[in-house]
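Let's walk through this one piece by piece. Keep the viewer open as you read.

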Amino acid sequence: MNCPFCEIVAGRIPSEKVYDDDQVMAFRDISPQAPVHILVVPKDHADGIASMDGNDKSLIGDVMLAAAAIARSEGIAESGYRLVVNQGGDGGQTVGHLHVHLLGGRQMNWPPG
Ligand code: 5GP
Ligand code: ZN
């Protein structure tokens, strides 16, 4: 296994952790694209949203609700924020461990690049 986010979950790669429960962890992106840029990940490895199935409904819900809770604790729930999942090559996914980007603290543009 050579997955950077599994290494972060295991504590073997340092990160600035902002959330941690039994199933989910979140840490600040190393290359932030907004004043708040946090990655929310399931602790157990999954390649991406495309490899999830019905057995993962609860886990995906936990990841999304954790993102919303972190937005509140970061103080951006009222101003708004964006949650992004990049999948595969055209989706712009560069790390093959499912993650939800939480971006906020500035106006987001639409359509995204
Ligand atoms: P993707 O492009 O796969 O949707 O997003 C991967 C994100 O992970 C990028 O925003 C990138 O900056 C971030 N990233 C990659 N490696 C590391 C790392 O070792 N630590 C942290 N905190 N973020 C990382
Ligand atoms: Zn992983």
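Which residues in H2 are buried? They are Leu59, Val63, Ala66, Ala67, Ala68, Ile70 and Ala71, where buried means under 20% relative accessible area, exposed over 50% and partly exposed in between, with a 1.4 Å probe and protein chains only. Helices here are DSSP runs of H or I with at least four residues, strands are runs of E with at least two, and both are numbered from the N terminus.

Some ground rules: this is a predicted model, so local features need pLDDT of at least 70 and side-chain atom pairs count only at pLDDT 80 or more, while totals for chains, interfaces and linings use all residues. Residues are numbered from 1 along each chain as its sequence is written, chains are lettered from A and ligands numbered from 1 in the order written, and side-chain values use heavy atoms, leaving out hydrogens and water.

Back to H2, residues 57-74. Just after the helix, Gly75 takes a positive phi of about 80°.

Now look at the loop between S3 and H2, where you'll find Ala46. Ala46 counts as buried because its relative accessibility is 11%. Leaving aside neighbours within four places in sequence, Ala46 is in contact (heavy atoms within 4.5 Å) with Ser51, Met52, Gly96, His97 and Leu98. Ala46 and Gly96 sit 50 residues apart along the chain, yet their C-alpha atoms are separated by 7.7 Å.

Over in helix H1 (4-10), Glu7 is buried too, with a relative accessible area of 18%. Not counting residues up to four places away, Glu7 touches Arg12 and Ile13.

What about aromatics? There is 1 aromatic pair, by a rule that takes Phe, Tyr and Trp (its six-membered ring) with ring centres within 6.5 Å, and calls planes under 30 degrees apart stacked, over 60 edge-to-face and the rest tilted. The rings of Phe5 and Phe27 have centres 5.2 Å apart and planes at 75°, so the pair is edge-to-face. Phe5 lies in helix H1 and Phe27 in strand S2, so the pair ties together parts 22 residues apart in sequence. Both Phe5 and Phe27 are buried.
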